[in-house]
Amino acid sequence: MSADDRDMPAPPVEGATAAGEIDNGPFAARQQAITTQKAIQQMTGADIWLKALQSFVSLGIADTLDDDEFRTSDDLAKVCQADPQMMDRFLHAMHAYGVMTTDERGRYGLTPLGQDLRPGAAMWAALGVITSPLWQRAGASLAATICTGRPHALNGEATPYPLVAADPGLAGMFATFMSSRTIGLATALAARDFSGTRVADLGGGDGTLLSTILAGDQRLTGILIERTDVAARAATRFAERGLAGRVDVIADDIFADTCPPADVVIAASVLHNWDDASNLRFLSNARQALEKGGPDAELWLVETLLPGPGIHTSGIDLDLRMMTLFAGGRERTLPQYQELLTQAGLTLIGDESLPGGFTLMIAITGSD
Ligand SMILES: C[S@@+](CC[C@H](N)C(=O)[O-])C[C@H]1O[C@@H](n2cnc3c(N)ncnc32)[C@H](O)[C@@H]1O
């Protein structure tokens with residue numbers, strides 16, 4: 001508790017006094033000052049945290065330590081060719097950030113988060129993507145995007161995907177980043193009951209989700225449709241997991257009417273990249289694949305929902321990200337997805353929360 005917090009009376013709910021009327025007096029002004037102070041701390045903290053993570057990666061600290069190895073600060077300074085005192089202060093901060101831990105002799109080792117900052121790991125990839133010139137350019141043009149109604153960093157493309165594909169380093173990091181977002185929900189989806197045996201994952205990325213589902217149930221076969229460059233990554237993943245014989249990897253456009261019949265069609269983090277018109281085309285194609293599938297065929301949409309007014313969730317941050325990187329891409333509320341499904345001749349029959357802040361929306365063909 002800070003000194004300011006101690007001085008404060010218990011805050012009234014939502015700016016209202018105990019008697020219920022709105023408090024416009026000095027109390028409200030004081031609350032506002034504290035809120036601003038906290039916001040400034042959060043903002044400056046987030047900025048230096050990101051820079052610290054980038055420095056941790058560029059100093060190569062995680063590369064010098066095995067998972068269960070501990071080394072002194074002086075030792076790490078020597079290996080990383082750093083000033084010993086600066087390194088000691090930096091490691092103290094990385095310990096506080098949960099990136100490093102210490103043993104009983106005060107030597108430093110990596111936490112699981114620190115291990116995830118090794119080249120090729122999930123946090124390293126996410127950091128690499130969001131600090132890449134493309135993502136940074138897109139974020140910096142948010143105000144221009146708000147004024148003109150279109151993203152400014154895409155060189156005329158509708159999505160960043162062609163630009164990502166043209167940069168193999170960024171493409172690799174993006175695939176790992178997406179895969180790490182998907183692993184938690186993949187396990188949850190694989191545990192569900194599957195009616196029928198054919199599972200199609202449209203825009204299925206590097207196959208993290210579909211390979212987890214197929215590995216969990218020998219009866220199932222899969223179809224994955226992706227852009228050519230990403231389809232090649234998925235084919236490699238299926239081969240590595242011994243699943244190549246049970247899955248058709250199709251390098252094609254998800255908006256082409258080419259999905260074979262399926263009992264379950266999955267689209268995870270796909271619809272939020274597109275405008276309503278594109279999504280209606282996509283959903284109509286998915287409906288046709290389901291109609292050619294079994295009588296109990298289902299569409300499984302996975303998205304991060306936009307919360308109600310005044311509520312901050314990752315859906316809010318993602319919506320701004322979509323604004324800067326996708327022409328027409330946006331997060332939506334559950335009623336907005338329901339409306340899209342209805343327009344495409346599908347009916348939402350259920351929704352449930354998944355790990356990672358995602359929501360599963362289940363739809364069937366036909367209308368109520
Ligand atoms: C946000 S990622 C989600 C990937 C995966 N479903 C997941 O949850 O990890 C969207 C995916 O859609 C793919 N995609 C975008 N446009 C596409 C198109 N026109 N045809 C096929 N795939 C496309 C991208 O390559 C990307 O892998």
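**Exercise 1. A residue marked in UniProt**

UniProt, in an unreviewed entry, places the feature "active site" at His272; UniProt positions follow the numbering used here, feature names are shortened, and annotations may be inferred rather than shown by experiment. Describe where His272 lies and which residues it is in contact with.

*Before you start.* Residues are numbered from 1 along each chain as its sequence is written. This is a predicted model, in which local features need pLDDT of at least 70, side-chain atom pairs count only at pLDDT 80 or more, totals for chains, interfaces and linings use all residues, and side-chain values use heavy atoms, with hydrogens and water left out.

*Solution.* 
Step 1: Find the element. His272 sits in the loop between β6 (264-268) and α13 (276-292). Helices (H or I, at least four residues) and strands (E, at least two) are DSSP runs, numbered from the N terminus.

Step 2: Check the cover. With a relative accessible area of 5%, His272 is buried. Buried means under 20% relative accessible area, exposed over 50%, and partly exposed in between (1.4 Å probe, protein chains only).

Step 3: List the partners. Setting aside neighbours within four places in sequence, His272 is in contact with Glu303, Met322, Gly329, Arg330, Glu331, Arg332 and Tyr337. Contact means heavy atoms within 4.5 Å.

Step 4: Look at the side chain. The side chain of His272 reaches the backbone oxygen of Ser269 at 3.3 Å.

**Exercise 2. Asp275 and Ser278**

What joins the side chains of Asp275 and Ser278?

*Solution.* 
Step 1: Asp275 lies in the loop between β6 and α13, while Ser278 is found in helix α13.

Step 2: Compare their cover. Asp275 is partly exposed, with a relative accessible area of 31%; Ser278 counts as buried at 11% relative accessibility.

Step 3: Name the link. The two side chains are joined by a polar contact of 2.6 Å. A polar contact is a pair of N or O atoms within 3.5 Å; within protein, one must be able to donate a hydrogen and the other to accept it, and residues adjacent in sequence count only if both atoms are side-chain atoms.

Step 4: Look further along the chain. Not counting residues up to four places away in sequence, Asp275 touches Gly328, Gly329 and Arg332. Asp275 and Arg330 are 55 residues apart in sequence, yet 7.4 Å apart in space, C-alpha to C-alpha.

**Exercise 3. The ligand**

How many residues surround the ligand, and which are the closest?

*Solution.* 
Step 1: Count. There are 17 residues around the ligand, and the closest are Thr182, Gly203, Glu226, Asp253 and Ala268. Here a residue is near a molecule or strand if one of its heavy atoms lies within 4 Å of it.

Step 2: Pick out polar atoms. An oxygen atom of the ligand lies 2.7 Å from a polar side-chain atom of Thr182. A polar backbone atom of Gly203 is 2.8 Å from a nitrogen atom of the ligand, and a polar backbone atom of Ile254 is 3.0 Å from a nitrogen atom of the ligand.

Step 3: Ask how much is covered. Taken alone, the ligand exposes 590 Å², and the protein buries 93% of that. Accessible areas come from the Shrake-Rupley method with a 1.4 Å probe; for residues, only the protein chains shown count as cover.

**Exercise 4. An enclosed helix**

Why is helix α11 (residues 208-216) largely enclosed by the rest of the structure?

*Solution.* 
Step 1: Count the buried residues. Seven of the nine residues of α11 are buried, so this helix is largely enclosed by the rest of the structure.

Step 2: Name them. They are Thr208, Leu209, Leu210, Ser211, Thr212, Ile213 and Leu214.

Step 3: Find the cover. It includes α10 (168-190), β3 (198-202), β4 (221-226), α12 (228-240), β5 (247-251) and β6.

**Exercise 5. The whole chain**

How many helices and strands does the protein have?

*Solution.* 
Step 1: Count the elements. The protein has 15 helices and nine strands.

Step 2: Describe its extent. The C-alpha trace spans about 65 × 60 × 40 Å along its principal axes.

Step 3: Describe its burial. Of the 368 residues of the protein, 41% count as buried.

Step 4: The UniProt annotation "domain: O-methyltransferase C-terminal", from an unreviewed entry, covers residues 160-346. That span is 48% helix and 15% strand, and its end C-alpha atoms lie 29 Å apart.
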